[in-house]
Amino acid sequence: MLIDILAAAAGEAAPQTKFGFMEAMEQGGAIAWSILTVLVIMSVGSFYILITKLLEQNRILSQYKHIRGGFWRANTLAEGASKLDKNSAWRQLVDDGLAAESQHSKMTDSLEAHDWLHGSLDRSENSINARLASGLPFLATVGATAPFVGLLGTVIGIYRALINIGIAGSASIDKVAGPVGEALIMTAIGLLVAVPAVLAYNWLQSRNKRIAELLAGFSTDLLANITSRGVVKPALAAAAPAKAAAPAAARPAAPAATTKA
């Protein structure tokens, strides 16, 4: 209690000097504001990419559920494609596979025809993965460079504090608090910008790998279905009618009627 009273009395007796974020930035001048602007742009860009890519990934994953439910139950790939969204990644794979099928009949060698179908689906799959990966290099760049941009502000702030000490001839707190505060603020902002960018990059990359696995599996099923003329389908689609017929098969047979002699 006594310590608190003495500290309050000392605070009232000390000269009232404002030390805050705005004061530190004003003392930093144009250089400090420029570095802060760059960091803000990095942060806004990182969150924009995070939100847009997350929405895009969620849309692709939700569309995959519809594929598991109804696409493979269609009689033909063209009929199943009509049930998919026109701008979806899954529709792109089906359309590219059907386009390759219409052209592979021109191949005189059956092996060349198979390679043509496989290469067409592979190119389509790679284009989808490339589109999903767009923007992620920006997150990696922000995560790698934002701390150094903040460090630049830190170096400039410390340099200004040393200049003030040299001019005043003493390292009084009122001479160095502003530049040192500016240096610490820039370091903190640089880390606050870099850490979310790195976390977002790793998270989106892991989700992209999961989507790439689903695309590869779907592409393989398409290739098998096309080359087998629609005979080969995924086990999930083939097992669905069997499950529906299972309850009927499990019903007990009705007792045979008995007649009295």
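The chain exposes about 16000 Å² of surface, and carbon and sulfur atoms supply 65% of that area. Keep in mind throughout that this is a predicted model.

**Stop 1: the whole chain**

Show the whole chain as a cartoon. There are eight helices and zero strands. Followed along the sequence, the pattern reads α-α-α-α-α-α-α-α. Next, colour by accessibility: of the 261 residues in the chain, 33% are buried. Which share of the contacts with a separation of 6 or more joins residues 24 or more positions apart? The share is 75%.

**Stop 2: the largest nonpolar core**

Select I67, F71, W72, W90, V94, F218 and L222, and show their side chains. These are the residues with the most contacts inside the largest nonpolar core, which has 24 residues. Helix 2 (21-70), helix 3 (77-81), helix 4 (89-104), helix 5 (110-133) and helix 7 (173-227) each supply at least two of its residues. Which helix gives the most to this core? Helix 7 does, with seven residues.

Then select L36, A146, V149 and M186. They are among the 16 residues of another core, which lies apart from the largest one.

**Stop 3**

A search of the whole structure finds three salt bridges. The tour visits each in turn.

Select K53 and E56. These two form a salt bridge, and their closest N and O atoms are 3.3 Å apart.

**Stop 4**

Move to R91 and D95. Their side chains meet in a salt bridge with an N to O distance of 3.2 Å. Both residues lie in helix 4, four residues apart, which is about one turn of the helix. Check the accessibility of each partner. R91, at 16%, counts as buried. D95, at 33%, counts as partly exposed, because that label covers values between 20% and 50%.

**Stop 5**

Select R210 and E213. What are these two residues joined by? They form a salt bridge, with the closest N and O atoms 3.7 Å apart. Both belong to helix 7 and stand three residues apart, about one turn of the helix. R210 has 45% relative accessibility, so it counts as partly exposed. E213 has a relative accessible area of 53% and is exposed, since the cut-off for exposed is over 50%.

**Stop 6: along helix 7 and past its end**

Stay in helix 7 and select G217, which has its place there. This glycine is partly exposed, with a relative accessible area of 32%. G217 and P234 are 17 residues apart along the chain, and their C-alpha atoms are separated by 9.8 Å.

Now select S228. Where is S228 found? S228 is in the loop between helix 7 and helix 8 (235-250). With a relative accessible area of 19%, S228 is buried; the value falls within that class because the cut-off is under 20%. A polar atom of the S228 side chain lies 2.7 Å from the backbone oxygen of A224.

**Stop 7: the surface of helix 6**

Finish at F148, in helix 6 (residues 136-168). Is F148 buried or exposed? At 59% relative accessibility, F148 counts as exposed, because the value is over 50%.

Together with F148 they form a nonpolar patch on the surface, with about 310 Å² of accessible area between them.

Conventions. Residues are numbered from 1 along each chain as its sequence is written. This is a predicted model: local features need pLDDT of at least 70, side-chain atom pairs count only at pLDDT 80 or more; totals for chains, interfaces and linings use all residues. Side-chain values use heavy atoms; hydrogens and water are left out. A nonpolar core is a set of buried Ala, Val, Leu, Ile, Met, Phe, Trp, Tyr and Cys residues joined through side-chain atoms within 4.5 Å. Buried means under 20% relative accessible area, exposed over 50%, partly exposed in between (1.4 Å probe, protein chains only). A polar contact is a pair of N or O atoms within 3.5 Å; within protein, one must be able to donate a hydrogen and the other to accept it, and residues adjacent in sequence count only if both atoms are side-chain atoms. Patches are made of residues with over 30% relative accessible area and no salt bridge: like charges are joined within 9 Å, nonpolar side chains (Val, Leu, Ile, Met, Phe, Trp, Tyr) within 5 Å. Accessible areas come from the Shrake-Rupley method with a 1.4 Å probe; for residues, only the protein chains shown count as cover. A salt bridge is a side-chain nitrogen of Lys or Arg within 4 Å of a carboxyl oxygen of Asp or Glu. Contact means heavy atoms within 4.5 Å.
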